[in-house]
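Here is a short briefing for someone who has not seen this structure before. Please look over the sequence and the model first.

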Amino acid sequence: MNDRKHSPLVTVVTPVYNAEKHIGSCIESVLNQTYENWEIILVDDQSRDNSVSIIKQYAKNDARINLIQLEVNSGAAVARNTAIEAANGKYVAFLDSDDMWVPTKLEKQIAFMEDKDIAFSFTKYSIIDEEGNDLNKVVGIPNQIDYDGYLKNTIIGCLTVVLNIEKIGKMKMPLIRTRQDFAYWLSILKKGYIAYGIQEDLAKYRYVEGSISSNKLKTAKRNWQVYRQIEKLGFFKSVWCFVNYAYNGVRKRV
């Protein structure tokens, strides 16, 4: 447990769309944090299921839980940007609606960032199946990565990232439907920041068959588009980065 009065506020950013099956587990993983000075901003992107009513039930019992409802379906980038704009914290952490954190995640990560006075950190994470069963796979990470390194190795798990927005500012994600997190980390690293890896498994990524992130071919295509259309890399540099991305992707799945 920690003293809220002397701990920096962390804003948790969670986009929500038709997440009734897992949103409760997601919120509870934040409620179970040993680090207590947080707020979570859940931005619902016109869900057609019971996501909103579930969130409202949790919000009734804890003032740290906040719901924003978008008027039109706009995608995860707009949802995350809306939460970033509304954030009150020194730090912003990212957690998607079907993922979870281990209880000590924020405590360890904020202590790490405060101690080293850094702007961008991420951690190892494990993979669970749709029902929450552990698949005995932990995604390893480097101790640090810069812009050029990340172009070739998309190793940063969105659910593990914490940013110090007092240092970085409230930078917005590019308005693309998929791989906006990849492009976002690149935009931050391109400014000269380094992302520092914490060598502990502090989050659980839920692998859902048929989801956008599970389609490796589409992900690869989107990465190529980020290289060419957003980062404006030349053709040959894009090919070099893409080959390395593919190689590292295979290693990640071994």
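This is a predicted model: local features need pLDDT of at least 70, side-chain atom pairs count only at pLDDT 80 or more; totals for chains, interfaces and linings use all residues.

Residues are numbered from 1 along each chain as its sequence is written, and side-chain values use heavy atoms, with hydrogens and water left out.

**Annotated region**

- An unreviewed UniProt entry carries the annotation "domain: Glycosyltransferase 2-like" for residues 11–132; UniProt positions are given in the numbering used here, feature names are shortened, and annotations may be inferred rather than shown by experiment.
- The chain over residues 11–132 is 35% helix and 27% strand, where helices (H or I, at least four residues) and strands (E, at least two) are DSSP runs numbered from the N terminus.
- The end C-alpha atoms of residues 11–132 are 25 Å apart.

**Strand β6 and its partners**

- Eight of the nine residues of strand β6 (residues 120–128) are buried, buried meaning under 20% relative accessible area, exposed over 50%, and partly exposed in between (1.4 Å probe, protein chains only).
- Strand β10 (residues 195–206) runs parallel to β6 and is joined to β6 by seven bridges; two strands pair if DSSP finds at least two bridges between them.
- Ser 121 stands opposite Tyr 196 in β10.
- Strand β9 (residues 162–164) pairs with β6 in the antiparallel sense over two bridges, and Phe 120 stands opposite Leu 163 in β9.
- Strand β7 (residues 134–139) also pairs with β6 in the antiparallel sense, over three bridges.
- Ser 126 has Val 138 in β7 as its bridge partner.
- Five residues separate β6 and β7 in a hairpin, and Gly 132 in the turn has a positive phi of about 90 degrees.

**Leu 42, a buried residue**

- Leu 42 is part of strand β2 (residues 38–44).
- Leu 42 counts as buried because its relative accessibility is 0%.
- Beyond its neighbours within four places in sequence, Leu 42 is in contact with residues including Thr 14, Val 16, Ile 23, Ile 27 and Ile 55; contact means heavy atoms within 4.5 Å.
- Other contacts of Leu 42 include Ile 65, Asn 66, Leu 67 and Ile 68.
- Thr 14 is 28 residues from Leu 42 along the chain, yet their C-alpha atoms are separated by 4.7 Å.

**Helix α7**

- Helix α7 (residues 180–189) is mostly covered, with nine of its 10 residues buried.
- Among the buried residues of α7 are Phe 182, Tyr 184, Trp 185 and Leu 186.

**A nonpolar surface patch**

- Phe 235, Phe 236, Val 239 and Val 243 form a nonpolar patch on the surface, with about 410 Å² of accessible area together.
- Patches are made of residues with over 30% relative accessible area and no salt bridge, with like charges joined within 9 Å and nonpolar side chains (Val, Leu, Ile, Met, Phe, Trp, Tyr) within 5 Å.
- Accessible areas come from the Shrake-Rupley method with a 1.4 Å probe, and for residues only the protein chains shown count as cover.
- Phe 236 lies in helix α9 (residues 235–253) and is exposed, with a relative accessible area of 70%.

**Salt bridges**

- The count comes to 10 salt bridges, a salt bridge being a side-chain nitrogen of Lys or Arg within 4 Å of a carboxyl oxygen of Asp or Glu.
- Lys 90 and Glu 114 form a salt bridge, their closest N and O atoms being 2.7 Å apart.
- Lys 90 lies in the loop between α3 (76–86) and β4 (91–94) and Glu 114 in helix α4 (residues 105–116), so the pair ties together parts 24 residues apart in sequence.
- Glu 200 forms a salt bridge with Lys 108, with the closest N and O atoms 2.7 Å apart.
- This pair links distant parts of the chain, Glu 200 in strand β10 and Lys 108 in helix α4, 92 residues apart.
- Lys 237 and Asp 148 meet through their side chains in a salt bridge (3.9 Å, N to O).
- Because Lys 237 lies in helix α9 and Asp 148 in helix α5 (residues 147–152), the pair ties together parts that are 89 residues apart in sequence.
- Lys 237 is partly exposed at 39% relative accessibility, and Asp 148 is partly exposed at 41%.
- A network of salt bridges links Lys 21, Glu 130 and Glu 131.
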